Amino acid sequence: MKNPFRSRNSALPGLYLDILEKTLIRQQGQSDCGVACLASLLAYYGGYSRLERLRELSGTDAQGTTLLGLCQAARQIGFDADGMQADSIENLKTDVSVPVILHVLIDNVLQHYVVCYGWDAARQQFLIGDPARGVHHQTTDELAAIWTSLVLLHPIPTERLVKQADEKKQQRTWLLNLVRADIPLLSIATGLGIVTAVLGLSTAIFSQKLVDEILPKHDTKRLMLGIGLLAVLLVARAGVGFLRGLLLNRQSRDFNNRIVNQFYGSLLRLPKSFFDSRKTGELIARLNDTGRIQRTISHLTGAVIINALVVLISVGYIFTYAVPVGLLTLLSIPLFAALVWRYHRRIINGQREVMAASARTESNYVDTIQGIDVIKTANRESFFSAITKTVYGHYQDRAYSLGTLGLRFNLTAEVIAALLITAILGAISWLVVQKTMQLGEMMAVLTLVGTIIPAVVSLSLTNIQLQEAHVAFDRMYEYAHLQQEPTEHVPDPTFAFESLSIKGLDFRFPGRALLLENISLQLRRGEWVTLLGESGSGKSTLLQVLQRFYTPENGQLLVNGHDWQQIDVPTWRTALGVVPQQIKLFSGTLLDNICLSQTADEAEAIVQFCRDYGFSTYFEQFPQGYLTILGEDGVNLSGGQRQLVALARALYQRPQLLLLDEPTAAMDRHTEQFVLDLLTQLQPQVGILFITHKAQHSELADRTYLLDGRQLVCVEPQYLAGPPVRAHLA
C-alpha cells in the first residue's frame with residue numbers, strides 16, 4: 001500500500017473532538033453513508049457541498065455508493081483522491097495523520113462507510129466518525145471486525161475545494177437578487193408597520209388619561225374630544241394596516257412568480273443526467289417550497305418589525321411609570337430566547353424530515369398514477385394502496401412528531417407568559433396599594449404588557465418560521481445552483497453538418513463499470529449507419545451521449561473534422577432530429593406536439609409539411625385531425641401512432657443528422673414500410689444513425705455496427721441473420 005500517512009503519537013484534544021462533532025454530516029437515508037462521509041471531510045477542511053450534489057457526482061442510488069463513485073465525486077469537488085488497499089489495520093494505527101474513508105461491513109451484511117480521523121494514543125483507540133452513529137472511539141479489535149476489506153479512500157484537499165464561506169456568500173447573493181425588486185415595496189410596508197406600532201400605543205395612553213385625569217374631573221369636553229381622537233387614531237391604524245396588507249399581498253404575488261420562474265427556468269437548464277435520478281414529486285415539492293420563503297419574507301418585514309417596535313416602545317413607556325415593572329417585563333426576552341435555543345435543533349430536524357417525507361409522498365402519488373395501467377392489468381390495486389398507506393403514514397408520523405414538538409414549545413411559551421403576566425400584575429397591584437402608581441397608570445401598564453408578551457412570544461416563534469424557510473431555501477438552492485448546460489446561445493443558422501467521427505470513446509455512469517469502451521464510428525451526410533446490439537448494451541446511451549446529455553470519460557468526437565466542443569449546445573441540438581426509445585407526448589393537440597411551440601402562426605405550415613412528407617395519410621384519420629387532443633403523455637394513441645408523431649416532430653425541425661432509436665418497433669408492417677421509404681428519400685440530405693434490433697434493417701445501411709460487450713465492431717450485412725427488408729421508393 002502506498003503510504004499517505006505520517007505518525008501521530010499525541011492524544012486528541014477535547015476541542016478537536018468538538019470540531020469533529022460539528023463537522024460530521026449525518027446521513028439522510030440508508031444509502032447516503034458514503035456521500036455523508038465525503039461531506040463530513042469537506043466540512044472538516046472548511047469546504048461545503050450539498051448532499052444532493054454529491055449523490056449526483058458519485059452515482060448514489062437506492063443501493064448506495066461505490067468506492068469508485070466516491071473517488072470520482074471527491075476529485076470533482078476539489079480533492080486529490082485515490083482508492084487504496086491497506087496491508088493491515090496497523091497502517092491506520094501507526095501512520096494515519098489525515099482523515100480517510102473506510103469501507104466497512106456491519107453485522108457481516110450491511111455495507112457501510114465511516115470516516116477514520118486517526119489513532120488516539122491516549123485512549124489507545126481509533127477515532128471514528130460514523131454518519132449513522134456520530135463520533136465515537138473504537139478499539140483495534142472492534143474496527144478490525146468490521147473493516148475486513150481493508151479498502152479505504154484517501155482524499156487530500158486542493159485549492160479547488162469550495163470553502164463554506166464562499167458558498168454562503170453565493171447563497172446570500174442569490175437570495176438578494178431574488179428580493180431586490182421587492183425592496184421598495186417592503187420598505188414602504190416596513191414604514192407603515194412602524195406607523196401601526198406607534199398608533200397601537202394610543203389605547204394605552206388614552207385609558208391612563210381617562211382614568212387618572214378626565215373621569216375624576218368630570219371633564220365632558222375633554223372626554224368627547226379624547227374619544228373622537230382615539231376613534232380617528234384607531235381608524236387610521238386600520239387604514240394603514242389595510243394599505244400595508246395590500247402591498248405585502250402584491251409583493252407575495254410578484255415574488256412567487258419571480259422565484260418560481262427563476263427556479264423552474266434553472267431546472268430546465270440542468271443536464272439530463274440530473275433528472276435521471278430524481279422523482280417528479282420531489283421536484284414538485286421543491287417548487288412548492290417557494291411559498292415558505294415568501295411567507296417568511298413577508299413575516300420579517302411585517303410582524304417581526306411591528307412586534308419588535310411594540311416591545312421596544314412599550315417597554316420604554318413602562319419604564320416611565322415604574323422601573324421595576326419595566327425590568328420584570330424585559331425578563332421575558334432572555335426567557336423566550338432560552339426557550340428558542342432549547343428547541344432550535346429539534347425543530348430544524350423535524351422540519352427537514354417533514355419536507356423530505358412530503359416529497360416522497362408526492363413522488364409516490366405521481367409514480368402510482370402514471371403506472372395505473374400496469375397496476376390494473378396485474379390486479380395490484382391493493383398492494384399499491386398499501387404502499388401509499390405506508391408512505392403517507394410515514395409522512396403523517398413525521399408531521400405528528402413535529403406538531404407535538406410545536407405544541408410543547410407553545411405550552412412552555414404560554415406557561416412562561418402566564419407566570420410573567422402574573423408576576424407583573426402582582427407587582428403593579430402592589431405599587432397601586434402602596435400609592436406609588438395611580439389606577440389609570442396600572443391600566444395603561446396592563447394594556448402595554450398585554451401587547452408586549454404576545455409580541456415577544458411571536459418573535460420567539462419567528463425562529464421556527466425562519467428555520468422552516470431556511471430549510472426550504474437550502475432545498476431550492478441545492479437544485480438552482482447546480483451547474484447548468486450552456487444553452488444561452490442562439491443557434492448558429494450557418495452551421496452545416498457534414499461528418500461525425502467518434503474515436504476511442506469510453507463512457508460510464510458515475511460509480512459504475514464502463515458501459516461503452518473504445519467506441520469508434522464514422523458517419524457522413526448522405527449516409528445511413530445502422531447500430532445493432534442486445535438490450536442494455538449501451539446503444540441508447542450512445543445516442544444520449546451524442547445529444548450531449550452525458551459527457552464521455554475518454555475519447556474524441558469530431559464534427560466536420562473539428563472538436564465538437566467548439567459547437568455550442570443549442571446549435572448542435574438544433575441540427576439533430578431525434579426519435580428516442582421512450583417517446584414523450586404532451587397534453588396538447590397534435591399540432592402542439594409536432595412543433596413544440598405556439599401553433600397559431602405555424603398551423604398551415606405544419607399541415608403542409610405533413611402532406612409533403614406523407615404523414616397526412618395517418619394524421620387526418622385522428623378523431624379531430626390535427627386538432628386532436630393527444631391526452632397526457634399520448635394516452636389516446638397507440639405505440640405506432642406515438643412513433644409517427646415523434647418522427648414528424650423530429651423531421652419538422654429540418655434536421656441535418658437523424659438519431660433514431662427503434663423508430664418502427666411498435667408499428668405495423670405497412671406503417672414501418674412508409675417510414676423506411678421516407679427515410680430513404682431523405683437520406684441524401686441528412687446523416688442517419690438508426691438503432692434497431694431487426695438485423696434485416698441493415699440491408700438499407702451503408703455500414704452496420706454491432707455493439708457487443710462494450711465494443712463496437714463494423715460488420716457486413718451478409719453475416720447478419722434474417723431476411724432483408726428493402727425500402728420501396730415512392
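**Packing around helix α2**

Helices α2 and α3 cross in a right-handed manner, meaning that the near helix is turned clockwise from the far one by less than a right angle. The model is a predicted one, in which local features need pLDDT of at least 70 and side-chain atom pairs count only at pLDDT 80 or more, while totals for chains, interfaces and linings use all residues. Residues are numbered from 1 along each chain as its sequence is written, and side-chain values use heavy atoms, with hydrogens and water left out.

The axes of α2 and helix α3 (residues 51-58) come within 9 Å, at a crossing angle of roughly 120°. On the α2 side, V35, A36, L38 and A39 meet L51, L54, R55 and S58 of α3, contact being heavy atoms within 4.5 Å. By class, six nonpolar, one polar and one charged residues form this contact (Ala, Val, Leu, Ile, Met, Phe, Trp, Tyr, Cys and Pro are nonpolar; Asp, Glu, Lys and Arg are charged; the others, Gly among them, are polar).

Turning to α4, helix α2 (residues 33-44) packs against helix α4 (residues 67-76) at about 30°, with the axes 10 Å apart. The two are therefore roughly parallel. G34, V35 and L38 of α2 make the contact with L70, A73 and A74 of α4.

As for the cysteines, the whole structure holds zero disulfides (pairs of cysteine sulfur atoms within 2.5 Å). For C33, the nearest cysteine sulfur, that of C37, lies 6.4 Å away. C33 has a relative accessible area of 6% and is therefore buried (under 20% relative accessible area, 1.4 Å probe, protein chains only).

Note on methods:
Axes fitted to C-alpha atoms, helices over the stretch in contact; angles between N-to-C directions. Helix = DSSP H or I, 4+ residues; strand = E, 2+ residues; numbered from the N terminus. Parallel < 35°, antiparallel > 145°, perpendicular 65-115°, else oblique. Buried < 20%, exposed > 50% of the residue type's maximum accessible area, 1.4 Å probe, protein only.
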